[in-house]
Amino acid sequence: LHSCTHSFPTRRSSDLVVLFAAVGTSVFALTGEGKESEDENKSTNINVSTEAKTSKDETVYILAGADGTVQKIIVSDWIKNAMAADSLDDKTELSDIENIKGDEGFTLGGDNSCVWDAQGNDIYYQGNIEKVLPVQMSVQYTLNGQAIAPEALAGQSGHVTIRFNYQNMQYEEVLLDEKTEKIYVPFTMLTGMLLDTEVFRNVTISNGKLINDGNRIAVVGIAFPGLQEDLAISKEKLDIPDYVEISADVENFEMGMTM
């Protein structure tokens, strides 16, 4: 899971979070080697060497600036120790690894190997990484139809439009009908925020949903970067959005966190 937090340099501090989720990294525990079973009638030697596959859930948090520029990538992993093994072999590319729940230690080896002294427990750890994201994001702002830098938008009043552009960076080149085609990995991108009704009025969204409880407006938008190209459909026939655009009349512009 990939999460991105976005910071707006407005009158009050705010964040933008982009969140990606990834599941399925394998972790292995070696159990049951050389065990013997014996009863009063017979003695049987059992030599069981099983590779018990456990699971690892991963959440990636991207801290971004007001324009969508990546500032930091934080990865949080949860190794589920299904066999209550004493030791877990893991693979990781993270730096500054920290056990965030227990006191179990680890040993780093070559080829990104990491051995945890699990002591039968699940492992929760966190670290940093520098890597190209599967989907890149940029954010553009206009005030009364004119482009404006986010730091200049704080405290302004007028008609504001915020556009979240998503670019799919993950694809494979495959041979189709003797022609090399670029096939994008399908992603669904959600953009969400809570807007104060004292600041934002007449809110609209390009492709999404608005819910107003009187004090705040919940805004959720959806985009599918790369899907238009994968399906090879012209925008005249079907326009599949790769952006989310929010517009509103604002007074003394300020924003909280967007996700």
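Before selecting anything, note that strands are runs assigned by DSSP, at least two residues long and numbered from the N terminus, and that two of them count as paired if DSSP finds at least two bridges between them. Keep in mind as well that this is a predicted model.

Now widen the selection to the open sheet of five strands to which they belong, with antiparallel pairing and the order β13-β12-β14-β21-β18. Its edge strands, β13 (146–147) and β18 (200–205), each pair on one side only.

Next, select the open sheet of three strands, which is ordered β17-β20-β19 and is also antiparallel in its pairing. Here β17 (189–196) and β19 (208–212) are at the edges with a single partner strand each, so one side of each has no neighbour in the sheet. Between β17 and β20 (residues 216–223) there are eight bridges in the antiparallel sense, and aspartate 196 can be found opposite arginine 216 of β20.

Which residues line the largest cavity? Select Val160, Ile162, Met193, Leu195, Phe200, Ile246, Ser247 and Ala248 to see its lining, to which β14, β17 and β21 each give two or more residues. The largest share, three residues, comes from β21. The cavity has a volume of about 50 Å³, and its lining divides into seven nonpolar residues, one polar and no charged.

How values were computed
Residues numbered from 1 in each chain as written. Predicted model: local features only at pLDDT ≥ 70, side-chain atom pairs only at ≥ 80, totals over all residues. Heavy atoms only, no water. Helix = DSSP H or I, 4+ residues; strand = E, 2+ residues; numbered from the N terminus. 1 Å grid on protein atoms, 1.4 Å probe; cavity = no way out; pocket = protein on both sides within 12 Å on 5 of 7 lines; lining within 4 Å. Points joined across faces, edges and corners; volume = space filled by probe spheres on them. Nonpolar A, V, L, I, M, F, W, Y, C, P; charged D, E, K, R; others polar.
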